[in-house]
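Let's take a walk through this fold, from its sheet to its aromatic rings. Have the model open as you read.

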Amino acid sequence: MERIHWRAVANIICVGYYQEGYLPSCIAPAFFEYTVYGDNIAKETLVKQYMLHLPDSEKTILKDAMENFDSVDEEDLLDVLSDHQVCVLPNKENISSIVEQLAHKEMLQTPTYVAEAWRDILRKDLLSILQTPFSDLHQLEPKFKDVWERLQFPTDMNAQQRLVQAMVKRFLKESSQEMLKKFLRFCTGADLNMKKEICCSFLQHTTDFTRTIIGRTCGCFLEIPDSYSSYLEFKSEVTEVLNSGVWVMDIV
């Protein structure tokens, strides 16, 4: 994208935070800090955040190499470094420095064009209203307890509805963070924990053909059919809806 497009993205980020308190957690906090404050980020912080964006296989190899170089398979380590265009031969003395330079290159140097396009906008429009430090963005990532406590169920549920409520709780407890994000986005429009209550109600007299959960993001409502007879049935149908990307909002 061109500079004008990246500046439009920066404006969207500012409006999203001003209106909803939302900052995209998929962007590394270190990059936000670099954009706003400049290149004075601690190496330990940069490496830690860089590791979060690596595939588990690469993360494990690099972490083990820094902690105990002799325990890592040399061929596996060279493959990882080669994939990231590292030309220096690693050893126990320089591996930490290599990873630090790699983190700095991929998280700060490569997207410098974007940072420069964003800098004046974020400094002017975001810093004055920012209430959450960039380093605390990870706290907005959804966790089971936070999501469950946001769900508000009716106080006059019958036995079948309490059974479905228990299915919802079990589903959330077993869900990965990615699935929790999809669930929140389905109910609220945001994939982060924005502290908004989600009002739940039950749909009665649904058939197997018409049965589906319904999200109303404009008001954070979730409508749940009460006709599920087993948890596996509930889990299968809800998972299919959340993974489909084609969501029923039932709003005209």
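Helix H9 (residues 159-174) lies across S1, S2 and strand S4 (221-225), running at about 115° to S4. Contact here means heavy atoms within 4.5 Å, and axes are lines fitted to C-alpha atoms, for helices over the stretch in contact, with angles from 0 to 180 degrees between N-to-C directions. Helices (H or I, at least four residues) and strands (E, at least two) are DSSP runs, numbered from the N terminus. Keep in mind that this is a predicted model: local features need pLDDT of at least 70, side-chain atom pairs count only at pLDDT 80 or more, and totals for chains, interfaces and linings use all residues. Residues are numbered from 1 along each chain as its sequence is written, and side-chain values use heavy atoms, leaving out hydrogens and water.

Now the sheet itself: four strands make an open, mixed sheet in the order S1-S2-S4-S3, where pairing takes at least two DSSP bridges between two strands. At the edges sit S1 (151-152) and S3 (214-216), each pairing on one side only. S1 runs parallel to S2 (residues 198-203), joined by two bridges, and Gln152 stands opposite Cys199 in S2.

On to the rings. The structure holds seven aromatic pairs, counting Phe, Tyr and Trp (its six-membered ring) with centres within 6.5 Å; planes under 30 degrees apart are stacked, over 60 edge-to-face and the rest tilted. Phe171 and Phe234 have ring centres 6.1 Å apart and planes at 90°, so they're edge-to-face. Because Phe171 lies in H9 and Phe234 in helix H11 (residues 231-244), the pair ties together parts 63 residues apart in sequence. Both Phe171 and Phe234 are buried (under 20% relative accessible area, 1.4 Å probe, protein chains only; exposed is over 50%, partly exposed in between).
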